[in-house]
Amino acid sequence: MARELNHLIVHCRDRRESAAFLAHLMDAPAPRHWGVFSQVDTANGVGIDFADSLVPHDRINESHLAFLVSDGEFDAVMARLRKRSIPFWPDHFRSREGRINHAFGGRGVYTLDPGGTVVIECITAPYDL
């Protein structure tokens with residue numbers, strides 16, 4: 001039996017806003033809204049389904065989405081972040097705002113969705129574990 005990731009669900013404050021943000025950041029097609037979900041489709045066919053959290057906003061656990069992107073895609077993501085003055089960091093600790101990292105011979109950046117509950121990471125080189 002093949003084990004292939006089909007979709008994942010991310011709880012957030014505003015599913016439509018978070019999905020639209022990710023679609024814009026990654027230059028993906030507009031999210032599809034169905035039922036209680038707003039779905040962003042990735043290039044490898046995995047759906048990221050955003051759902052409004054049913055717990056109080058101060059109790060939403062932070063989610064983390066990491067994307068392996070080409071150098072050109074990374075440059076485009078950075079341009080979109082800078083154009084909208086969206087904060088970004090080189091690490092998940094959110095230290096040194098406005099910087100990127102150069103881990104594993106590539107480049108990496110972290111940002112947050114508009115609700116502050118989804119960490120979005122873009123890297124140009126996979127982690128060498």
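**Entry 1: ground rules**

I am working with a predicted model, in which local features need pLDDT of at least 70, side-chain atom pairs count only at pLDDT 80 or more, and totals for chains, interfaces and linings use all residues. Residues are numbered from 1 along each chain as its sequence is written, and side-chain values use heavy atoms, with hydrogens and water left out.

**Entry 2: confidence**

I looked up pLDDT, the predictor's confidence in each residue on a scale from 0 to 100. The protein chain averages 93, and 98% of the residues score at least 70. I keep one caution in mind: where pLDDT is low, the predicted coordinates should not be read in detail.

**Entry 3: fold and dimensions**

I took helices (H or I, at least four residues) and strands (E, at least two) as DSSP runs, numbered from the N terminus. The protein chain has two helices and seven strands. Their order from the N terminus is β-α-β-β-β-β-α-β-β. The radius of gyration is 15 Å, close to the 14 Å that the globule rule gives for 129 residues, so the chain is as compact as a globular protein of that length. That radius is taken over C-alpha atoms, and the rule is 2.2 Å times the number of residues to the power 0.38. Along its principal axes the C-alpha trace spans about 40 × 40 × 25 Å.

For burial I used relative accessible area: buried is under 20%, exposed is over 50%, and partly exposed is in between (1.4 Å probe, protein chains only). Of the 129 residues, 43% count as buried.

**Entry 4: helix α1 and what follows**

Which residues of helix α1 (residues 15-25) are buried? I list Arg15, Ser18, Ala19, Phe21, Leu22, Ala23 and Leu25. An α-helix has 3.6 residues a turn, so residues three or four places apart point the same way.

Arginine 15 lies in this helix and counts as buried because its relative accessibility is 11%. Its C-alpha atom is separated by 8.9 Å from that of glutamine 39, 24 residues apart along the chain.

The N-terminal end of α1 is capped by aspartate 14, which has a side-chain oxygen 3.2 Å from the backbone nitrogen of arginine 16. I count a polar contact as a pair of N or O atoms within 3.5 Å; within protein, one must be able to donate a hydrogen and the other to accept it, and residues adjacent in sequence count only if both atoms are side-chain atoms.

Aspartate 27 follows α1 and sits in the loop between α1 and β2 (32-34). It has a positive phi of about 55 degrees although it is not a glycine. At 63% relative accessibility, aspartate 27 counts as exposed.

Arginine 94 is in the loop between α2 and β6. Its phi is also positive, about 60 degrees, and it is not a glycine. With a relative accessible area of 32%, arginine 94 is partly exposed.

Arginine 96 lies in the loop between α2 and β6 and is partly exposed at 47%. How far apart in space are arginine 96 and tyrosine 127? I read 21 Å, C-alpha to C-alpha, for 31 residues in sequence.

Histidine 11, in strand β1, is partly exposed at 42%.

I used a 1 Å grid over the protein atoms alone: a cavity is a set of points where a 1.4 Å probe fits but cannot get out, a pocket is an open set with protein on both sides within 12 Å along at least five of seven lines, and lining residues have an atom within 4 Å of a point. Grid points are joined across faces, edges and corners, and a volume is the space filled by probe spheres set on the points.

The largest pocket has a volume of about 510 Å³. It is lined by 22 residues, of which Met26, Thr42, Ala43, Asn44 and Phe67 lie nearest its centre. β3 (37-41), β5 (63-68) and α2 (71-83) each supply at least two lining residues. 

The count is one cavity of 30 Å³ or more, and the largest cavity has a volume of about 40 Å³. Its lining is Trp89, Asp91, His92, Arg94, Tyr110, Thr111, Leu112 and Val119. Strand β6 (residues 108-112) gives the most, with three residues.
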